Amino acid sequence: MAEFRAPPGTHDVLPPESSRWERLVALFARRAGRAGYALVVSPVFEELAVFSRVGEETDVVRKEMYDFLDKGGRRLALRPEGTASVVRAFVQHRPLVPFKAWYAAPSFRYERPQAGRYRQHHQLGVEVLGTEDPELDVEVVTLAWATCRDIGLGGVILLLNSLGDDACRPAYLQTLTAYLAERGDELCDAHRERAAVNPLRVLDCKREPCTNATADAPRLLDHLCEPCRDHFGRVTAGLAALDVPFALAPRLVRGLDYYTRTTFELQSTALDAAQNALGGGGRYGRLVEALGGPATPGIGFGLGVERILLAADHEGVFAAPASTVAVWVVDTTGGAEATALAHLLREAGISCDRSFDGRSMRAQMKSADRAGARLAVIVGPSEVAAGTVTLKDLATGEQEEIGREDVAKLVEERLR
Ligand code: AMP
C-alpha cells in the first residue's frame, strides 16, 4: 500500500474521469460565455471575516470552515463556497454593473466524508451584481437548469421559493418563531435550541422530528409583501415562458444567511436524499454591503461538479469517452519518425499519440488499441525509403500506403 494517500474527504481525479470534468467545465463555460458571463478567478483563501460575515449562523461557516493562521499571523480560511469571494472581489475592484461572472473552483468544508460529500468539492457557478430585475433571475435559474440538461440528466427537479425581503420577512419570522416555540419539544436535537436563533433553518431540516413538527408551519410564500410577490410572479412567469419546469418549495431556505427573494435548488431524483442537491442559489440583498460595498443586489448559484457527475453515473449518461486520441503513430525505425509525424499531425489539429522506448510493432499496436485510436499511421524502414506511410483503419483492418506529404490531409478525410 502507498505510504501516502489523499486526505480523508478528498480525491484525485484521474483519466478517464478527468475528461468528464474537462467536458463539463467547457460546456458550462461556453453556455455562460454565450450569455455574457466572464470568468473570474479568485484566491482559494480569503480573510476569515469575508466568509464569517456571509454566514455567521450556518454550519458551513460555524463548524466546517478550514480556517488557520498564516505565518504572518493573518486569520485566513479556505473558501467554503463561491459567492463571498466574488462579492469581495466586486467590492474591491468596483467593475461596471451589471457584473456577470462565472467561476469553476474548489470549495472546502470540514464535513463527515461520505458518498457525494467531500471535504474538497468543486463548484461551477455564476454571480451577477447590480440589478434587481426579475428577468435576470429567470436567466440565472435557466442557466443552471440548462447546464444539467446539456449533460443529459433527465431526473432533475427545480425547486423554487422566495425568502422575501427586509419588508416582509421579519413579520413572517415572528409568526414562524411563535409557531416553533409551541412545538419546541418536538424538534430534532440540533434544532431544539437553535430554533429561536434561526427559525428558517428548522424548515430546511431534513430530520423527521423537524419535518413532522413543521408540516403545517406558516409559509413565507403566503406572507410576502407586494413587491416580493410581484417579483416572484415575474420569475415564475418567465420560467414558464421558457418551458423550464419548476416546483414551488415553500420550505427551501438553503444554507447561507444572506438570501433574499428568489431562492432555488436543483435536485436529482437519481440520488439519495442526503446527497441529492446538484446545486442551488438565489438572490442576496445585503451581501455587498456586509462586505463593505454600496447597497447592490446580487444573484448567483453553485453547481456541485462531483454531484452532477454522480447523478450522471446513476442515470447512465455523460460517460467518459472511450478514446483519448484519434490517431496512433507507430514507428519501427527507432522513434524519431514518430516524433516528426506526430508533430505534423498535431500541428494540423489532429489528436494523436505514439509509443516510446522502442517498443515492438505488436506492443505499439496494442497501445493504439488501448487508446481507442481509429487510425494508425505506420512507418517502418521501407516507408522511410519510399517517402510514404501506411494508414491503417483500426476498426476494419484496411490499410493503404500514402505519400508522406499527404498524411495530414488524408488522415483528416478518413476521420471525417
Ligand atoms: P451549497 O453552497 O451548500 O448550496 O452547495 C452548492 C452545491 O455544491 C450543492 O448543491 C452540492 O451539489 C455541492 N456540494 C456542497 N457541499 C458539498 C460537499 N461537501 N461535497 C460535494 N458536493 C458538495
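Here are a few questions and answers on the ligand shell and salt bridges of a predicted model.

Residues are numbered from 1 along each chain as its sequence is written, and side-chain values use heavy atoms, leaving out hydrogens and water. Since the model is predicted, local features need pLDDT of at least 70 and side-chain atom pairs count only at pLDDT 80 or more, while totals for chains, interfaces and linings use all residues.

Me: Which residue puts a polar backbone atom 3.1 Å from an oxygen atom of the ligand?
Reply: Polar contacts here are pairs of N or O atoms within 3.5 Å. R109 uses an N or O atom in its side chain, at 2.8 Å from a ligand oxygen, and Q123 a polar side-chain atom at 3.3 Å. The backbone one is G279.

Me: Which residue forms a salt bridge with D166?
Reply: A salt bridge is a side-chain nitrogen of Lys or Arg within 4 Å of a carboxyl oxygen of Asp or Glu. In this pair the closest N and O atoms are 2.6 Å apart. D166's partner is R286.

Me: Is R75 buried, exposed or partly exposed?
Reply: Buried means under 20% relative accessible area, exposed over 50%, and partly exposed in between (1.4 Å probe, protein chains only). R75 meets D67 in a salt bridge, N to O at 2.8 Å. Because its relative accessible area is 44%, R75 is partly exposed.

How values were computed
Polar contact = N/O pair within 3.5 Å; in protein donor to acceptor, adjacent residues only side chain to side chain.
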